[in-house]
Amino acid sequence: MPLAVSLIAPSSYTAPEAIDAGIRGLEALGAEVHYDEPLQTPKRYLAGSREHRLAQLHAAFDAPETQAVWAVRGGYGAAQLVDGIDWSRLARSNKPLIGYSDVTVLLDHGHRHGVPAIHGPVAKAAVGVLEGEADKRDIVRRQFEETLALIQGPTPLDYPLAPYADAPATLEGPVVGGNLATLASLIGTPAGFRAPPGSLVILEDVGEPYYRLERALWQLVHGGALDRAAAVCLGTFEGCRPYGDTPLEAIVAETLTPLGLPLYTGLPSGHGLHNRPWRYGAIGHITDERLIIGG
């Protein structure tokens with residue numbers, strides 16, 4: 001029996017042809033794709049009104065024929081939904097929510113309320129299984145296969161991760177985090193991010209110049225979001241423009257100085273080709289320049 005997933009569009013509007021291409025990619029992997037019509041009712045740059053997106057989210061988790069809920073894309077708008085979600089209703093389904101980028105806020109709050117969450121590629125990215133150069137198609141296929149495996153049950157995965165400067169060689173804690181700009185934008189709001197005690201906080205971003213990344217991280221550090229964290233792990237920063245010769249790792253390490261948090265780099269998670277999935281809140285173990293995350 002094929003794995004069935006419900007698609008949702010909780011954030012920005014997506015061109016219908018991009019959604020259709022993503023669906024073809026998921027189906028090529030053996031997934032059965034469901035969604036309620038209309039998937040989108042565009043409002044400005046959003047996939048729909050707040051009411052439409054909330055109704056769609058709840059219906060997807062209620063659908064008895066599917067085993068997971070998969071965001072079509074990120075962008076902007078997911079934070080608008082947080083205080084209108086019946087989290088206990090979602091948790092009763094025991095379905096994982098899948099996505100990243102703007103969907104970070106839903107993953108974080110879902111995890112807090114007992115909703116399984118997977119930080120991983122959005123549904124429209126499955127087009128990469130069918131299109132592009134062969135080696136890139138293989139990378140995308142493996143990442144989606146890992147995501148499908150995580151949907152079906154606990155699946156330990158390991159990832160490359162290098163300690164920066166004098167970061168300890170071994171460390172463990174729950175793995176949380178996601179898109180840096182999204183998390184920083186929540187500071188001072190009821191949806192604000194707070195790293196759990198002893199957590200390994202993954203951060204990634206796309207298209208931001210280094211000064212904006214530093215500003216966003218400064219907000220997290222001085223807004224209390226990382227007060228109880230054990231470490232920061234950097235994913236990919238696709239298309240982020242540097243300033244001079246200063247590497248991003250050095251900027252991040254300096255900004256983290258008030259908290260004394262160790263830093264790790266090189267995690268294949270984020271925007272761009274390399275975006276391996278991980279289960280939000282699962283225990284991660286750093287050892288031998290690897291991050292091993294339980295299913």
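Residues are numbered from 1 along each chain as its sequence is written, and side-chain values use heavy atoms, with hydrogens and water left out. In this predicted model local features need pLDDT of at least 70 and side-chain atom pairs count only at pLDDT 80 or more, while totals for chains, interfaces and linings use all residues.

Visitor: Into which domains is the protein divided?
Guide: The bounds come from an automatic or database domain assignment. The protein is divided into domain 1 (3-152) and domain 2 (157-293).

Visitor: How much area do domain 1 and domain 2 bury between them?
Guide: Buried area is the accessible area (1.4 Å probe) that two parts lose on being put together, summed over both. Of the area between domain 1 and domain 2, 59% is on carbon and sulfur atoms. The total is about 2,100 Å².

Visitor: Which residue forms a salt bridge with arginine 276?
Guide: A salt bridge is a side-chain nitrogen of Lys or Arg within 4 Å of a carboxyl oxygen of Asp or Glu. The count between domain 1 and domain 2 is one. For arginine 276 the closest N and O atoms are 2.9 Å apart, and the partner is glutamate 146.

Visitor: Which element supplies the largest share of the side of domain 1 that touches domain 2?
Guide: Helices (H or I, at least four residues) and strands (E, at least two) are DSSP runs, numbered from the N terminus. α4 (104-112), β5 (117-119) and α5 (134-152) each supply at least two residues of that side. The largest share is eight residues, and it comes from α5.

Visitor: Why is tyrosine 76 called partly exposed?
Guide: Tyrosine 76 lies in the loop between β3 (68-71) and α3 (87-93). Buried means under 20% relative accessible area, exposed over 50%, and partly exposed in between (1.4 Å probe, protein chains only). Tyrosine 76 is therefore partly exposed, because its relative accessible area is 43%.

Visitor: With which side chain does the side chain of tyrosine 76 make a polar contact?
Guide: A polar contact is a pair of N or O atoms within 3.5 Å; within protein, one must be able to donate a hydrogen and the other to accept it, and residues adjacent in sequence count only if both atoms are side-chain atoms. For tyrosine 76 the distance is 3.2 Å, and the partner is glutamine 80.
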